[in-house]
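Let's take a friendly walk through a strand and its neighbours, with a stop at the charged side chains along the way. Have the sequence and the 3D view ready.

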Amino acid sequence: MRRFAILLIAGLVLAGCSKSHQAPSGRWIGHFESPSVMVVAWLEISPQGDVRVSAPDLLEPGELNDEQRAVAHRRLANELYDGWGSVQPRRYDFDGHIFRKQGGVAPQMEWNPHTKQMKLVFYFGMQRSMHIAMTPVKEFTDDPWLGE
């Protein structure tokens with residue numbers, strides 16, 4: 001009887017692990033800015049679960065005046081726009097909440113199915129990870145800074 005119980009539990013665990021989750025489809029824009037990093041991102045997930053993401057960054061921009069900040073924004077927006085056509089779709093492992101590179105451990109994106117909030121996870125060298133909240137959009141625009 002004990003063996004049967006162990007086999008039953010093992011079967012249920014394996015069945016739970018094999019459950020595949022449908023990734024949310026859509027487009028998102030996000031950005032983050034501080035004296036140590038400036039990043040802007042586009043994320044697109046197809047209905048088939050293919051993921052395209054681009055996130056040019058500027059490390060250590062320092063304290064910028066308004067003119068320097070506008071120049072940095074334009075530079076990153078241009079990199080994002082110009083590079084988008086060459087971004088290849090990738091498949092990620094998705095457990096219903098966390099996206100990971102296939103076979104990987106580190107979270108790359110986080111999805112909250114209850115609030116419909118998407119976050120990209122960035123790793124800059126030895127610094128701790130940074131989570132950037134993404135805003136859903138119908139189409140990408142020339143202003144990835146969303147009017148800021």
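In which sense do strand β1 and β2 pair, and over how many bridges?

## Two strands side by side

The model shown here is a predicted one. In it, β1 (residues 26-33) and β2 pair in the antiparallel sense, over eight bridges. The two strands form a hairpin, with three residues between them.

Methionine 38 has leucine 58 as its bridge partner in β4.

## How enclosed is β2?

Strand β2 spans residues 37-45, and nine of its nine residues are buried, so the rest of the structure largely encloses it. The side chains divide between two directions: Val37, Val39, Ala41, Leu43 and Ile45 point one way, while Met38, Val40, Trp42 and Glu44 point the other way. Residues of both sets are buried.

## Charged pairs across the strands

Side chains of opposite charge can pair when their charged atoms come close. In this model the count of salt bridges comes to seven. One of them links arginine 27 and glutamate 44, with an N to O distance of 2.7 Å. Because arginine 27 lies in strand β1 and glutamate 44 in strand β2, this pair ties together parts that are 17 residues apart in sequence.

Glutamate 44 also forms a salt bridge with arginine 52, where the closest N and O atoms are 3.2 Å apart. Are these residues buried or partly exposed? Glutamate 44 counts as buried at 15% relative accessibility, and arginine 52 also counts as buried, at 19%. Arginine 27, at 24%, counts as partly exposed.

## A pair along a helix, and a network

Helix α2 (residues 66-84) holds both arginine 75 and glutamate 79, four residues apart, or about one turn of the helix. These two form a salt bridge, their closest N and O atoms being 3.1 Å apart. Arginine 75 is partly exposed, with a relative accessible area of 44%, and glutamate 79 is partly exposed at 36%.

Elsewhere, salt bridges that share partners join Arg27, Glu44, Arg52 and Glu139 into one network.

Notes:
Residues are numbered from 1 along each chain as its sequence is written. This is a predicted model: local features need pLDDT of at least 70, side-chain atom pairs count only at pLDDT 80 or more; totals for chains, interfaces and linings use all residues. Side-chain values use heavy atoms; hydrogens and water are left out. Buried means under 20% relative accessible area, exposed over 50%, partly exposed in between (1.4 Å probe, protein chains only). Two strands pair if DSSP finds at least two bridges between them. A salt bridge is a side-chain nitrogen of Lys or Arg within 4 Å of a carboxyl oxygen of Asp or Glu.
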